[in-house]
Amino acid sequence: MKRTAFAAVSAIALVAGTSAFAGPEAEVLHYWTSGGEAKSVAVLQEEFAANGGTWTDMPVAGGGGDAAMTALRARVLSGNAPTAVQLKGPAIQEWYEEGVLADISNVAEAEGWANVLPASIAAHMQCEGTWCAAPVNVHRVDWIWANAEILEANGITMPTTWDEFNTAADKLMAAGIIPLAHGGQAWQDATVFETVVLGLGGAEFYQQALVDLDPAALTSDTMLASFDQMRKLRGYVDGNFSGRDWNLATAMVMNGEAAFQIMGDWAKGEFLAAGKTPGTDFLCASTPGDGFLYNVDSFAMFDVAGDDKRAGQDLLAKLIVGQNFQKVFNMNKGSIPARDDVDLAAFDSCAHLSAKDMGASSDGGSLMPSYAHGMALRGAQAGAITDVVTAHFNSDMSSADAVKMLADAVANSY
Ligand code: BGC
């Protein structure tokens with residue numbers, strides 16, 4: 001059921017003399033708690049307040065959002081859903097199918113979202129023809145970040161193949177430098193894994209293996225080689241990697257304790273928040289291989305009672321896709337705008353590279369949804385893959401066993 005825009009609701013409330021409407025309000029569940037993330041979400045909080053909104057913050061720490069999704073489930077099950085939730089990809093559709101999402105088509109239509117969002121992004125925001133989420137950005141996952149000084153001092157340039165990466169990492173190890181800053185959490189293992197699969201197999205293979213879940217691709221020699229490369233990478237991380245948060249791994253690169261990190265461009269948000277400059281203090285490049293793994297953050301509104309909350313949802317949705325927010329937020333967050341009419345002149349060189357590569361990969365058919373960041377698969381299938389990836393990374397499991405386990409886990413996940 002479509003809702004009346006909040007302005008109309010408030011007008012009716014005034015005319016009818018029902019003074020219940022106090023102004024737009026929103027309780028916002030999100031997982032943006034690191035330095036760069038907090039700076040970014042503050043942009044939305046400020047815009048919301050400047051437009052008369054009252055924001056109740058519900059941050060749930062935990063990179064990748066696993067803990068936030070657990071908190072969300074508990075809230076919805078107890079009949080007390082938050083007003084707005086950081087949600088993305090197929091999870092939006094899963095919640096829609098539960099019948100608990102609000103329809104924000106009134107805002108989307110009034111704001112002309114269909115004209116400013118690329119069709120591939122808009123498709124994730126629509127549920128059976130209605131608009132059910134508002135996109136914030138495009139994060140790229142397949143990035144490698146480096147400490148510029150360490151690379152220079154060791155005569156290393158950004159690797160363009162995984163073999164080059166391994167050679168550079170061996171050299172750094174020999175020099176007593178930790179080659180790869182990594183946090184041993186399942187979602188971080190999955191993040192690295194999908195960049196390896198894309199890099200070694202190419203976009204078509206990535207699509208077959210991690211989007212279509214084709215058993216032949218899952219058990220192929222390319223998948224074996226991907227696990228071999230994961231084993232190599234395991235040898236390049238330090239002994240304290242277990243459980244480390246992703247932003248602490250970024251700090252290791254920033255502080256010269258490690259040379260590289262493989263992580264989405266929310267890592268750039270950390271470098272920027274710490275006052276570091278791309279090209280001078282840190283370097284960015286896509287992970288070895290062609291293609292682009294996208295990860296679009298978005299907010300879905302839950303079906304809640306009360307004109308104040310509904311007005312809050314409409315206002316939030318409108319601001320999120322607004323040009324100003326898309327620019328300022330993404331300059332802090334490390335991502336690029338979701339809408340295609342934002343001037344990127346003020347963005348840094350990594351953002352320009354992202355926009356250029358996204359366009360080229362979209363034209364060339366190698367723009368792929370990130371499985372590790374909930375863009376490609378439903379929760380059960382993504383979880384089954386990640387369990388195997390992390391079990392392999394944290395043991396001495398052979399690649400052959402991992403591949404077999406992977407095919408079985410996917411087959412049993414439906
Ligand atoms: C989200 C980012 C977030 C990152 C670390 C990703 O899945 O899309 O917005 O910064 O996880 O929590």
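Two strands are said to pair if DSSP finds at least two bridges between them. Helices (H or I, at least four residues) and strands (E, at least two) are DSSP runs, numbered from the N terminus. The structure is a predicted model, in which local features need pLDDT of at least 70 and side-chain atom pairs count only at pLDDT 80 or more, while totals for chains, interfaces and linings use all residues. Residues are numbered from 1 along each chain as its sequence is written, and side-chain values use heavy atoms, with hydrogens and water left out.

The protein contains 19 helices and 15 strands. Its C-alpha trace spans about 75 × 45 × 40 Å along the principal axes. A compact globule of 414 residues would have a radius of gyration near 22 Å, and the protein agrees with this, having 22 Å. This radius is taken over C-alpha atoms, and the globule rule is 2.2 Å times the number of residues to the power 0.38.

Strands of a sheet pair through backbone hydrogen bonds, either parallel or antiparallel. An open sheet of five strands has the order S2-S1-S3-S13-S6, with mixed pairing. Strand S2 (54-59) and strand S6 (134-135) each have a single partner strand, so one side of each is left without a neighbour in the sheet. Strands S3 (residues 84-86) and S13 (residues 298-301) run antiparallel and are joined by three bridges; Val85 stands opposite Ala300 in S13. Helix H2 (residues 35-50) packs on this sheet, touching strand S1 (25-30) and S2, and its direction makes about 160° with that of S2. Contact means heavy atoms within 4.5 Å. Axes are lines fitted to C-alpha atoms, for helices over the stretch in contact, and angles run from 0 to 180 degrees between N-to-C directions.

Another open sheet has four strands in the order S9-S10-S8-S11, again with mixed pairing. Its edge strands, S9 (178-180) and S11 (282-286), each pair on one side only. Neighbouring strands are turned by 15° against each other on average, direction ignored. Five bridges join S8 (residues 143-147) to S11, and the two run antiparallel. Asn147 has Phe282 in S11 as its bridge partner. Helix H17 (residues 349-364) packs on the sheet and touches S8 and S11, its direction making about 160° with that of S8.

An N or O atom in the side chain of Glu37 is 2.4 Å from an oxygen atom of the ligand. For Lys88, the distance from a side-chain N or O atom to a ligand oxygen atom is 2.7 Å.

How values were computed. A polar contact is a pair of N or O atoms within 3.5 Å; within protein, one must be able to donate a hydrogen and the other to accept it, and residues adjacent in sequence count only if both atoms are side-chain atoms.
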